[in-house]
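The sequence and the structure come first.

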Amino acid sequence: MLILTPAPLCIVVLGVCRADNTEGGHRCATKRVQTILVVQFRPPVGGYVVEFPAGLVDENESAESAAERELREETGYSGKSVRTSNKMASNPGISNSTMAMVVVEVDLDSPENATVTPQLDEGEHIERHVIYLDDLIPTLDEFRSKGLLVDSRVDHLAFGLSMGKYNKST
């Protein structure tokens, strides 16, 4: 049996964004949850891909710190890690890469998120999209209609959310 050395852990950031909704100057009782997606060119697939912010965990860095750093670098938003998944195999049929999903709460009303500027590396071009979770499926359909690919992790979340609605209607 071939044993591969584990690849560096990758983190995927599920940003959970909240803001106090106001109508006519009055706060609303309900707050729609938003998330952050990024679009970037991925040479292996030869096209633009809709993804969650993500990156590698640096040496001596926790998954949570890496998630907060990657979110800030790729989107400009600051947030606080609140939940981390167990280590998962990303694509065990063809790769030894592993990942963890980190939920990061982002307060869109916080002063540090009032004006956000990504801290992109040279040559990195990332488009940021803050969308409502309940609009995820139509938003992904719109991206697809423009020829973009959707990362499986984003699609899995959309599918899971739709199954939750399906389960309530049966």
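## Helix H1 and its packing

The buried residues of H1 pack against S1, S4, S6, strand S7 (80-84), S9 and strand S10 (127-132). Here buried means under 20% relative accessible area, exposed means over 50%, and partly exposed lies in between (1.4 Å probe, protein chains only). Contact means heavy atoms within 4.5 Å. Helices (H or I, at least four residues) and strands (E, at least two) are DSSP runs, numbered from the N terminus. The buried set of H1 consists of Ala-63, Ala-66, Ala-67, Glu-68, Arg-69, Glu-70, Leu-71, Glu-74 and Thr-75.

Helix H1 covers residues 63-75, and its end C-alpha atoms are 18 Å apart, in agreement with the 18 Å that its 13 residues should span at 1.5 Å a residue. That expected span is 1.5 Å times one less than the number of residues. After H1 comes Gly-76, with a positive phi near 90 degrees. In the loop between S6 and H1 sits Asn-60. Asn-60 is not a glycine, yet its phi is positive, near 65 degrees. Asn-60 counts as exposed because its relative accessibility is 81%.

## Basis of the model

The model is predicted, with local features needing pLDDT of at least 70 and side-chain atom pairs counting only at pLDDT 80 or more, while totals for chains, interfaces and linings use all residues. Residues are numbered from 1 along each chain as its sequence is written, and side-chain values use heavy atoms, with hydrogens and water left out.

## Overall layout

The protein has three helices and 11 strands. Along the sequence they follow the pattern β-β-β-β-β-β-α-β-β-β-β-α-β-α. Of its 170 residues, 34% are buried. Among contacts with a separation of 6 or more, 60% join residues 24 or more positions apart.

## Nonpolar cores

A nonpolar core is a set of buried Ala, Val, Leu, Ile, Met, Phe, Trp, Tyr and Cys residues joined through side-chain atoms within 4.5 Å. The largest has 17 residues, and those with the most contacts inside it are Leu-37, Val-50, Phe-52, Leu-136, Leu-140, Phe-143 and Val-154. Two or more residues of this core come from each of S1, strand S4 (34-42), S9, helix H2 (136-145) and H3. Apart from it lies another core, of 14 residues, including Val-57, Leu-71, Val-102 and Val-116.

Val-50, in the largest core, belongs to strand S5 and counts as buried because its relative accessibility is 0%. Beyond four places in sequence, Val-50 is in contact with Leu-37, Val-38, Val-39, Leu-140, Phe-143, Leu-148, Leu-149, Val-150, Asp-151 and Val-154. Val-50 and Arg-144 are 94 residues apart in sequence, with their C-alpha atoms 9.2 Å apart. In the other core, Val-102 is part of strand S9 and is likewise buried, at 0% relative accessibility. The contacts of Val-102 beyond four places in sequence include Ile-11, Val-13, Ala-63, Ala-67 and Thr-84.

## Pockets

The largest pocket has a volume of about 460 Å³. On a 1 Å grid over the protein atoms alone, a pocket is an open set of points where a 1.4 Å probe fits, with protein on both sides within 12 Å along at least five of seven lines; lining residues have an atom within 4 Å of a point. Grid points are joined across faces, edges and corners, and a volume is the space filled by probe spheres set on the points. The largest pocket is lined by 21 residues, with Arg-42, Val-49, Glu-51, Asp-151 and Arg-153 the closest to its centre. S6 gives the most to this lining, three residues. By class, the lining has 13 nonpolar, four polar and four charged residues, where Ala, Val, Leu, Ile, Met, Phe, Trp, Tyr, Cys and Pro count as nonpolar, Asp, Glu, Lys and Arg as charged, and the others, Gly among them, as polar.

The second largest pocket holds about 360 Å³ of space. Its lining has 15 residues, and Ser-90, Met-99, Ser-152, Arg-153 and His-156 lie nearest its centre. The largest share of this lining, four residues, comes from H3. Seven nonpolar, six polar and two charged residues make up the lining of the second largest pocket.
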